[in-house]
Amino acid sequence: MFVTGHGSYPSYLLRFNLRTHDNCSCGETGDPIHYATKCPFTLSWHFQTPAVSLKLQWLKNILTNNLSRTRLRLLMRFICDENNLIVEDNN
């Protein structure tokens, strides 16, 4: 879900008109990279922000590292469980 961007991310839900915007509650675009690197609501699970040119390698490294995969699973669980806290609802 993280790599493909599918799931309860505002950026994904906007594509299917299930939301009227793609904002996180912090005001930035709610996509997987935002939640994994910048969002103040997911600070406990943050990874270093990848350089644009190294994003693919960054994703590969996360998926091949056991500790990173565990942190990513915890982040995804938090996003699913606490979606009402991290997704701004202007509907």
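In what order do the elements of the chain run from the N terminus on? What we have here is a predicted model, and in it the elements run α-α-α-α-α, so that, by the DSSP assignment, the secondary structure comes to five helices and zero strands. The radius of gyration of the chain is 13 Å, close to the 12 Å that the globule rule gives for 91 residues, and therefore the chain is as compact as a globular protein of that length. Taken along the principal axes, the C-alpha atoms fill a box of roughly 40 × 25 × 20 Å.

Let me turn to the interior. Of the 91 residues, 38% count as buried, and the largest nonpolar core has 20 residues, with F2, Y9, Y35, W58 and L75 making the most contacts inside it. At least two residues of this core come from each of α1 (10–15), α2 (32–37), α3 (55–64) and α4 (66–81), while the largest share, four residues, is supplied by α4. In soluble globular proteins, nonpolar side chains tend to be buried together.

For the chain as a whole, among contacts with a separation of 6 or more, 46% join residues 24 or more positions apart.

Definitions and conventions: Residues are numbered from 1 along each chain as its sequence is written. This is a predicted model: local features need pLDDT of at least 70, side-chain atom pairs count only at pLDDT 80 or more; totals for chains, interfaces and linings use all residues. Side-chain values use heavy atoms; hydrogens and water are left out. A nonpolar core is a set of buried Ala, Val, Leu, Ile, Met, Phe, Trp, Tyr and Cys residues joined through side-chain atoms within 4.5 Å. Buried means under 20% relative accessible area, exposed over 50%, partly exposed in between (1.4 Å probe, protein chains only). The radius of gyration is taken over C-alpha atoms; the globule rule is 2.2 Å times the number of residues to the power 0.38. Contact means heavy atoms within 4.5 Å.
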